[in-house]
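Open the model in your viewer and keep the sequence panel beside it. Each stop below says what to select and what to look for.

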Amino acid sequence: MKAQAQSLLLESREGVAETARGELFVGQPGRNLYKTNKRDLLIQEFVSPSPANGRKKGGHRDPAELRNQISSYLFEYLKGFHVPTHYLGARPGAEMLVKYAEPLPLLARIYNTPDPGWAQRFGIADIGRLEFPVIEHYLTAGAGAPSWINEYHLYAFNLAKPDEFRQVNRLATKVNAVLRGLCERRELAIADIGLTFGRYNNQVILTGELSHLTCTFLDASAVNRKGNGAYTPVETGTDEALESLCGRLKHNG
């Protein structure tokens, strides 16, 4: 059984390496998807922000490559918990091989330790870490900003079926629990996560990326076991800081 698993893993890695990038399939903010020489497989390439976007320079590694490393590590980690995702394997540089999944026009954002602005939306004081994570849903169709919606909007607009919505919430809850556990072992906290989804073989799977652009990481090293102390946002504004977060998640220092 172990030999068979190792053989399948080797075959998967060889498949990732042998897949050739073709023409652009679709461009997304910060990411491009390319067709490949294999049916239903795409190459997702992360794109670095330009200096015009105000990014502070520092360090020597391409932030797009670091996003790929962070996302690849977290997708691999989720795979160990049987979370279905589009991820198949990391490629050199800023690329990963993914399955093509029909996009669901839905963003699920899970809040664990929301910022004060989130609490102000409801006219309440800052409540810090939530005892029960909150999931909010946003419609991502169209060119405008995502719109806050509930499940009945999805049914009324014929964008998702009730079973798909339940799958989204089950996936979001499991991803949040798994990543929270990982972060706690790295003396990090995950304040909120934005997740996107797609349909693949009649199943809802996780798509997109998992990085500092979709997850808000907090430093929990000053918080003791009783919960006393203060969380501070993890710095990701420089390449050096982003590299530090990458190493911390992967437990490389």
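**Before you start**

This is a predicted model: local features need pLDDT of at least 70, side-chain atom pairs count only at pLDDT 80 or more, and totals for chains, interfaces and linings use all residues. Residues are numbered from 1 along each chain as its sequence is written, and side-chain values use heavy atoms, with hydrogens and water left out.

**Stop 1: the whole protein**

Show everything as cartoon. The protein has 6 helices and 12 strands. Helices (H or I, at least four residues) and strands (E, at least two) are DSSP runs, numbered from the N terminus. Of the 253 residues, 44% are buried. Buried means under 20% relative accessible area, exposed over 50%, and partly exposed in between (1.4 Å probe, protein chains only). Now think about contacts, meaning heavy atoms within 4.5 Å. Among those between residues at least 6 apart in sequence, 60% join residues at least 24 apart.

**Stop 2**

Two strands pair if DSSP finds at least two bridges between them.

**Stop 3**

Zoom in on strand 1 and strand 2 (residues 31-36). They run antiparallel, joined by 5 bridges. Find L24, which stands opposite Y34. Then find V26, opposite L33.

K35 stands opposite L42. This hairpin has 4 residues between its strands, and D40 in the turn has a positive phi of about 65°.

**Stop 2: helix 2 against helix 5**

Select helix 2 (residues 63-79) and helix 5 (residues 162-185). They pack at an angle of about 115°, with their axes 11 Å apart. The two helices are therefore roughly perpendicular to each other (65 to 115 degrees; under 35 counts as roughly parallel, over 145 as roughly antiparallel, the rest as oblique).

Show side chains at the contact. From helix 2 come Y73, L74, Y77 and L78; they meet V175, V178, L179, L182 and R185 in helix 5. These contact residues divide into 8 nonpolar, no polar and 1 charged. Ala, Val, Leu, Ile, Met, Phe, Trp, Tyr, Cys and Pro count as nonpolar, Asp, Glu, Lys and Arg as charged, and the others, Gly among them, as polar.

**Stop 3: two loop residues**

Select N158, in the loop between helix 4 (151-156) and helix 5. Its phi is near 55°, a positive value in a residue other than glycine. Is N158 buried or exposed? At 68% relative accessibility, N158 counts as exposed.

Finish at E187, in the loop between helix 5 and strand 9 (188-200). E187 is not a glycine, yet has a positive phi of about 55°. At 44% relative accessibility, E187 counts as partly exposed.

Definitions and conventions: Axes fitted to C-alpha atoms, helices over the stretch in contact; angles between N-to-C directions.
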